[in-house]
Amino acid sequence: MADRADAHELRLDVALGPRSYAIQVVSGRPAHLGSFTRRALDATWAGKACRSALVITDQNLASLPHAANCEGALEHAGIACRRAVLAPGEATKNLGSASRLFDELVGMKADRHTAVIALGGGVIGDLAGFVAATYARGLPLLMVPTSLLAQVDSSVGGKVGINHPQAKNIIGAFHQPIGVWIDTDTLNTLPPRELRCGLAEVVKYGVILDAAFFDELEAASAAIIARQPEALRAIVARCCRLKAEVVTRDEREETGLRAVLNFGHTVGHAIEAVAGYNGHFQHGEAVAAGMVAECRLAQRLGWIDPALTERLILLLDRFGLPSSISGLDPAQLLEAMSRDKKNQRGKVRFVLPRCLGRVELTDAAGPEDVLHALNATGA
Ligand SMILES: NC(=O)c1ccc[n+]([C@@H]2O[C@H](COP(=O)([O-])OP(=O)(O)OC[C@H]3O[C@@H](n4cnc5c(N)ncnc54)[C@H](O)[C@@H]3O)[C@@H](O)[C@H]2O)c1
Ligand SMILES: [Zn+2]
């Protein structure tokens, strides 16, 4: 993986053999998207002959300049665009929306040379990616993530999918994009709570993989909250590189390496389930409190010093993220964790820190350890 930098653009190449692609991180250069896309398309058999694209986005993005900017740049590069606009929110990530998008593609007589452009947050990326993976057995997919979560997490890694009414993300595929175009200026319109939620995943990368990055986040927290372009470019590119390093070593989630990305998520998913997806805890907030609880669990096992947990709480607090499971019943959380997909032979498995920047998947924590950690995170 190579990083090339000038003052305003950061580029990294994700090495996946014939499925290799570039991630470009810029601030305020919407016009460059056209030439980036053309180059990325021309590097593939299907993309070379691409002259049209379906731009898939949601109503929030469509009402902002982002969608028009993106289409303008693509048109300029000789790619005729048709736009499909969906309702914002997780409920859109379903089979009905996919079906509607298949209709759009059929309507525009799309073939394997038609590109899909996913312009939006993780919901749009996962849904558009799923449609791109399955229509005509695979269309070229360009990711243009616009939420911080999508920029640092969901747009990298090739996992695409939709929800079943009873199970999140259960219908899906691995489909690598031809490129990822990230303009951090799009974050200027992102609601503050969404920005904070993305920051929870950013902090996660520091804890699991990169202690120096954690230090840098502490030093740059004010610039990040102020959405300074240099600060945003730096953290987005760093997170993409860290995630790409993990997923290129475990492209199809077969070796267990990707599990490190689940730090904070075992407790986090339980928090979301128990809080009832009712808006009390958004995903990033649940992950923030989950990371604190899991640090306490690592403390309980004697793996880390309490000072690490304290540093984490301070950083989360600076980003306006919760560090407690306030009001939730530990017993109910434990029960929800017993359904976690990482579990083996009835034992709940956690990804816990050994030190800042290094985590391990373990089943060493028993129910009483977990309850102890949750109680300590309840205040
Ligand atoms: N594929 C993966 O590897 C992966 C990884 C993590 C999460 N995900 C998925 O990602 C989804 C969550 O993504 P998300 O948090 O981006 O949610 P989202 O797509 O719902 O976006 C959050 C909100 O922000 C709005 N928004 C996005 N960009 C904006 C901008 N620039 N300006 C103004 N508003 C903007 C959206 O319209 C939406 O209302 C979940 O479905 C999750 O399962 C996938
Ligand atoms: Zn997450």
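Student: What makes the contact of E90 and K168 a salt bridge?

Tutor: This is a predicted model, and in it the side chains of E90 and K168 have N and O 3.5 Å apart. The rule asks for a Lys or Arg side-chain nitrogen within 4 Å of a carboxyl oxygen of Asp or Glu, so the pair qualifies. By this rule the count comes to 23 salt bridges.

Student: Why is the pair of E90 and K168 said to tie parts of the chain together?

Tutor: Because E90 sits in the loop between β5 (80–86) and α5 (95–107), while K168 belongs to strand β9 (residues 167–174), and these parts are 78 residues apart in sequence.

Student: Are E90 and K168 buried, exposed or partly exposed, and how do you know?

Tutor: E90 has a relative accessible area of 34% and K168 one of 47%. Buried means under 20% and exposed over 50%, so E90 and K168 are both partly exposed.

Student: How do you know that R238 and E216 form a salt bridge?

Tutor: Their closest N and O atoms are 3.0 Å apart, and the cut-off is 4 Å. The two residues lie 22 apart in the chain, R238 in helix α10 and E216 in helix α9.

Student: Why is R238 called buried, and what is E216 called?

Tutor: R238 has a relative accessible area of 16%, and the limit for buried is under 20%. E216, at 40%, counts as partly exposed.

Student: Why are α9 and α10 called roughly antiparallel?

Tutor: Helix α9 (residues 211–225) and helix α10 (residues 229–248) pack at about 150 degrees, with axes 10 Å apart. Angles over 145 degrees count as roughly antiparallel, so the term applies to this pair. Their crossing is left-handed.

Student: Which residues make that contact, and how many of them are nonpolar?

Tutor: On α9 they are A212, F213, E216, L217, A223 and I224, and on α10 A231, L232, I235, R238, C239 and L242. By class, 10 are nonpolar, none polar and 2 charged.

Student: What makes R311 and E218 a salt bridge?

Tutor: The closest N and O atoms of R311 and E218 are 2.7 Å apart, and the rule requires them to be within 4 Å. R311 is in helix α13 (residues 306–318) and E218 in helix α9, 93 residues apart. R311 has a relative accessible area of 31% and is partly exposed.

Student: Which residues are joined into one network by salt bridges that share partners?

Tutor: E90, K93, D126 and K168.

Terms used. Residues numbered from 1 in each chain as written. Chains lettered and ligands numbered in written order. Predicted model: local features only at pLDDT ≥ 70, side-chain atom pairs only at ≥ 80, totals over all residues. Heavy atoms only, no water. Axes fitted to C-alpha atoms, helices over the stretch in contact; angles between N-to-C directions. Helix = DSSP H or I, 4+ residues; strand = E, 2+ residues; numbered from the N terminus. Parallel < 35°, antiparallel > 145°, perpendicular 65-115°, else oblique. Left-handed = near helix turned anticlockwise from the far one by under 90°. Contact = heavy atoms within 4.5 Å. Nonpolar A, V, L, I, M, F, W, Y, C, P; charged D, E, K, R; others polar. Buried < 20%, exposed > 50% of the residue type's maximum accessible area, 1.4 Å probe, protein only.
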